[in-house]
Amino acid sequence: MYRRWLLGVSLAILSAGPLAAQDQAAVLRRMEAQLDSMQRVVELRDSMNKRASSSDTVVAGGLRIATSPKFLALATAAAEAARRGLEARFGAAVTARVRIPVIQFGGAHSPVSPRADTSVVARGFERMATDAIWRQQGTLFTGWLRGSVPGTESTPSDWSLLAEELQQTPARPNRACFEGAPAACAIALGLRLGPDTLAEWYAPDTWPRLAKLVWDSPPGRDRMARQRCIDSGDETACRIILTPSRILLPVNVSGRRRLIQQALEAGGAGAFERLIAPGDRRLDDRLSDAAGLPIDTLLARWSAAVRAEAPHGPARPAWELLLGLAWSAVLLAAVLGGPRWR
Amino acid sequence: MFRAMLWSQWRESRLPITLLAGIAFATPLLSMKGMSESPDRPWAAWDLLGASMRWSATYPIVALVAALVLAAGAWRPDHRTKHVYALSLPIVRYRYLLLRYGAGLALLFGIGAALLAGASLAAFRVTIPPVLHAYPVGLTLRFCVAGLFAYTLLFALSGLTASAARVLVALLLLLIIVSIAAELLALGWHPLETVMDTLLSPYSPLSVFQARWMLIDV
């Protein structure tokens with residue numbers, strides 16, 4: 001069905017006249033809109049199929065779980081826990097309003113046990129719903145996050161990797177950002193960028209090596225530009241290959257996800273609604289509104305969180321080494337206290 | 001008596017110990033090969049951290065192998081002679097074991113000293129950009145502690161009595177059988193997984209192996 005739709009859309013576009021004569025952007029917008037509606041049809045069909053193949057449906061807030069009688073108790077408990085988690089993060093109004101596709105759980109041949117841990121199943125539901133909620137907020141967030149969505153929680157090792165990245169990647173703003181300069185963090189995170197993103201992120205002497213990192217076999221003209229950039233550092237060639245969508249980000253997408261999470265955590269109740277509030281506002285303004293803080297304060301907090309978890313060499317934390325020593329002492333005491341030789 | 005023990009242990013495992021000390025000395029030097037260029041290169045931090053990361057898995061492996069060789073070497077003479085020599089000595093059992101254990105430990109620290117020398121030399125030869133730091137002492141400390149724990153554990157296992165070894169194997173088998181049965185009966189309970197999670201938790205003795213074994217780090 002999907003293929004037939006795609007074929008229909010392509011034929012419609014081709015039969016509408018020579019592409020060169022049209023406004024290409026308008027055509028692309030139309031295609032995008034048609035693809036969106038196709039996707040909605042596919043989602044609707046999948047939801048209907050799922051509902052038809054299961055005999056019970058659990059509803060908790062905006063969550064609908066299609067399940068079998070065997071898994072009903074588990075699905076109900078997990079859906080309720082997931083609803084509470086979603087409402088805490090996104091607010092009850094958003095959770096009830098968004099369209100979350102029906103989640104199929106525990107069919108006849110499911111490998112999941114009906115006695116599985118409720119919290120694990122709830123986390124699974126919550127992840128799926130979270131993904132759906134973020135993807136329905138347009139391309140502002142998913143575009144900035146390069147197709148991904150903010151996660152649910154961050155561990156110290158996530159921050160530690162960010163610290164390493166800020167020191168390792170030779171981007172212009174990284175060092176100042178690590179040291180706590182909010183303006184530099186805004187550039188590194190792609191929040192405040194001028195028209196020349198490449199020059200704002202990287203000094204020209206890093207461009208040839210950056211071009212090496214782009215990809216191995218770009219098509220025709222780009223391949224030649226890449227080679228010229230690597231071989232001679234030719235600025236024009238480097239600019240052809242090092243576009244903002246291809247270039248190595250000064251801070252990985254995970255850093256951007258952590259910033260959104262921090263803004264939501266700082267903002268407390270209603271933070272998500274303020275983040276997605278309608279209006280043509282920039283991302284940094286939205287984050288600032290969500291957090292209820294000036295954006296520079298939020299960025300300074302982000303940088304401080306990175307610094308706090310920066311690794312400090314293999315001998316740290318010291319308690320890990322002391323724990324190793326303590327376990328060795330316990331084992332040695334057990335060996336020495338043994339009664340016999342063999 | 002300690003010197004005699006040390007000598008017998010050295011004789012027992014001198015070839016692998018020398019080899020391991022050589023590897024411990026050479027690994028940091030190899031990891032920093034080709035890095036001794038100008039420090040103001042914009043990609044210096046990228047290259048140094050990348051090289052440190054690539055070689056970081058080597059250190060815990062060397063620590064583990066060293067512990068295995070030394071623990072096996074510590075008990076081999078006694079197992080071969082059915083503990084006749086040990087029983088003929090006018091010292092109590094725990095003191096004898098402590099001497100054997102100490103001899104192995106001294107050799108383990110010898111390998112650690114080789115690592116310290118290699119790591120210090122490697123860190124001295126490269127020019128480190130201001131954002132990064134070299135950790136030859138920290139790396140050696142972690143190596144010694146990880147090696148110490150693995151050595152103690154393997155020393156304890158090698159010295160088990162036959163009946164204790166049987167009990168240990170029986171417990172392991174029981175754990176595996178219970179795990180399989182729980183899986184087949186869909187009890188939603190995974191004892192083997194729980195044990196593995198516990199062993200790899202931050203407070204387990206094995207956590208010392210999990211950290212970043214980086215000679216150059218931020």
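Biologist: So domain bounds come from an automatic or database domain assignment. What are the domains of chain A, then?

Modeller: This is a predicted model, to be clear. Chain A is divided into domain 1, residues 53–128, and domain 2, residues 156–202 + 247–308.

Biologist: How far apart are their centres?

Modeller: The C-alpha centres of the two domains of chain A lie 33 Å apart.

Biologist: And how many residues are in contact there?

Modeller: 5 residues of domain 1 of chain A contact 5 residues of domain 2 of chain A.

Biologist: Switching to the two chains. How many residues of chain B are in contact with chain A?

Modeller: 44 residues of chain B, against 35 residues of chain A.

Biologist: Which element of chain B gives the most?

Modeller: α6(B) does, with 12 residues. The elements of chain B giving two or more residues are α2 (44–55), α4 (84–88), α5 (93–125) and α6 (136–158).

Biologist: What classes of residue are on that side of chain B?

Modeller: 33 nonpolar, 8 polar and 3 charged residues touch chain A.

Biologist: Take α2(B). How does it pack with α7(A)?

Modeller: At an angle of about 135°, with the axes 8 Å apart. Helix α7 covers residues 156–168 of chain A. That angle makes α7(A) oblique to α2(B).

Biologist: Which residues make the contact?

Modeller: From α7(A), they are A:E164, A:Q167 and A:Q168. From α2(B), they are B:A45, B:W46 and B:L49. By class, that contact has 3 nonpolar, 2 polar and 1 charged residues.

Biologist: New topic, α1 of chain B. How far apart are its end C-alpha atoms?

Modeller: Only 37 Å, though helix α1 (residues 2–31) of chain B has 30 residues. A straight helix would reach 44 Å at 1.5 Å a residue.

Biologist: Where is the kink in α1(B)?

Modeller: At B:S13, shortly before the proline B:P16. The kink is about 75°.

Definitions and conventions: Residues are numbered from 1 along each chain as its sequence is written. Chains are lettered from A and ligands numbered from 1 in the order in which they are written. This is a predicted model: local features need pLDDT of at least 70, side-chain atom pairs count only at pLDDT 80 or more; totals for chains, interfaces and linings use all residues. Two residues are in contact if their C-beta atoms, placed from the backbone, lie within 7 Å. Helices (H or I, at least four residues) and strands (E, at least two) are DSSP runs, numbered from the N terminus. Ala, Val, Leu, Ile, Met, Phe, Trp, Tyr, Cys and Pro count as nonpolar, Asp, Glu, Lys and Arg as charged, and the others, Gly among them, as polar. The expected span of a helix is 1.5 Å times one less than its number of residues. The bend at a residue is the angle between axes fitted to the seven residues ending there and the seven starting there. Axes are lines fitted to C-alpha atoms, for helices over the stretch in contact, and angles run from 0 to 180 degrees between N-to-C directions. Angles under 35 degrees count as roughly parallel, over 145 as roughly antiparallel, 65 to 115 as roughly perpendicular and the rest as oblique.
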